[in-house]
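Visitor: I am new to this structure. Please take me through one part of it closely.

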Amino acid sequence: MKKGKRRSESSGSVSAATRATTLSRAIKEDIIRGALRPKEWLRIDVMRERYGAGASPLREALNRLSAQGLVEQKDQRGFAVADINQDHVDELVFTRCRLNEIMLPAVLERGDSVWEERVVLAHYHLSKTPPFMSDGRVNDDYLMRHREFHMSILTPCGSRWLLELSEKLFDWTERYQNLALRGDIVGSRDVASEHNELVKAVLARDAAKAISLLNEHVRTTGRLARAAEQRVMAE
């Protein structure tokens, strides 16, 4: 009887943890996509209805996102979506550029023919995916392909810690990017051309050029992010 009880309790804990994990991913995606806006209050009663979840797994999910910096815990007042500001953008751009300078030389030294094929395929899928839907909304498939393309380049760097950090920084970059893409800030930027030139440099194993191109790609996104931040602050 005791053994059965322990199994039941363990099963319940696993189930609760699984629900919290699923909720954490869903809320994180909504924050990154801009569906949940900076400084927006995440009231438990509203979140329960929105995500069809109980209060306990919701609080656990929000605590996890708070640890990741995407959600802020406001003392006893509850949770809110983390704010954005220019200092965050500058730090993000600086860190990503330094990581590129560390990772790309190792990538180009370690990458094999299988890796090259993955980069080419990821670039092909990205190039065939429109960034916007017919109604003007950002295409989620494009964002997914964009992430896959950039991460496919960095995969053979030799450090899972650097890859995990790159993924986390990409989350933040994508959050700012989505805010920028909501308006007329993008302008005449030719992102497809930037990606084309980057692939050429990577396949040519030209580390200096690849670093220069990728860093400028990141800095350009940073400039758009600053414009997005200014617009959000004015709203």
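How do the residues of the lining of the largest cavity divide into nonpolar, polar and charged?

Guide: The lining of the largest cavity divides into eight nonpolar residues, three polar and one charged. Keep in mind that this is a predicted model. The mean pLDDT of the chain is 85, and 86% of the residues reach 70 or more.

Start with the count. The structure holds three cavities of 30 Å³ or more. The largest has a volume of about 130 Å³. Its lining includes R96, L99, N100 and M103. H150, M151, I153 and L154 also line this cavity, as do S166, L169, F170 and L214.

Now the second largest cavity. Its volume is about 70 Å³. R96 is in this lining, and R96 also lines the largest cavity. Among the other lining residues of the second largest cavity are V89, L92, V93, T173 and Y176. V218, T221, G222 and A225 belong to that lining too. Here α4, α7 and α9 (207-234) each supply at least two residues. By class, this lining has six nonpolar, three polar and one charged residues.

A word on confidence. Helix α5 (residues 113-127) has the highest mean, at 97. Helix α1 (residues 2-33) has the lowest, at 69. Where pLDDT is low, the predicted coordinates should not be read in detail.

Conventions: Residues are numbered from 1 along each chain as its sequence is written. This is a predicted model: local features need pLDDT of at least 70, side-chain atom pairs count only at pLDDT 80 or more; totals for chains, interfaces and linings use all residues. Side-chain values use heavy atoms; hydrogens and water are left out. pLDDT is the predictor's confidence in each residue, from 0 to 100. Helices (H or I, at least four residues) and strands (E, at least two) are DSSP runs, numbered from the N terminus. On a 1 Å grid over the protein atoms alone, a cavity is a set of points where a 1.4 Å probe fits but cannot get out, and a pocket is an open set with protein on both sides within 12 Å along at least five of seven lines; lining residues have an atom within 4 Å of a point. Grid points are joined across faces, edges and corners, and a volume is the space filled by probe spheres set on the points. Ala, Val, Leu, Ile, Met, Phe, Trp, Tyr, Cys and Pro count as nonpolar, Asp, Glu, Lys and Arg as charged, and the others, Gly among them, as polar.
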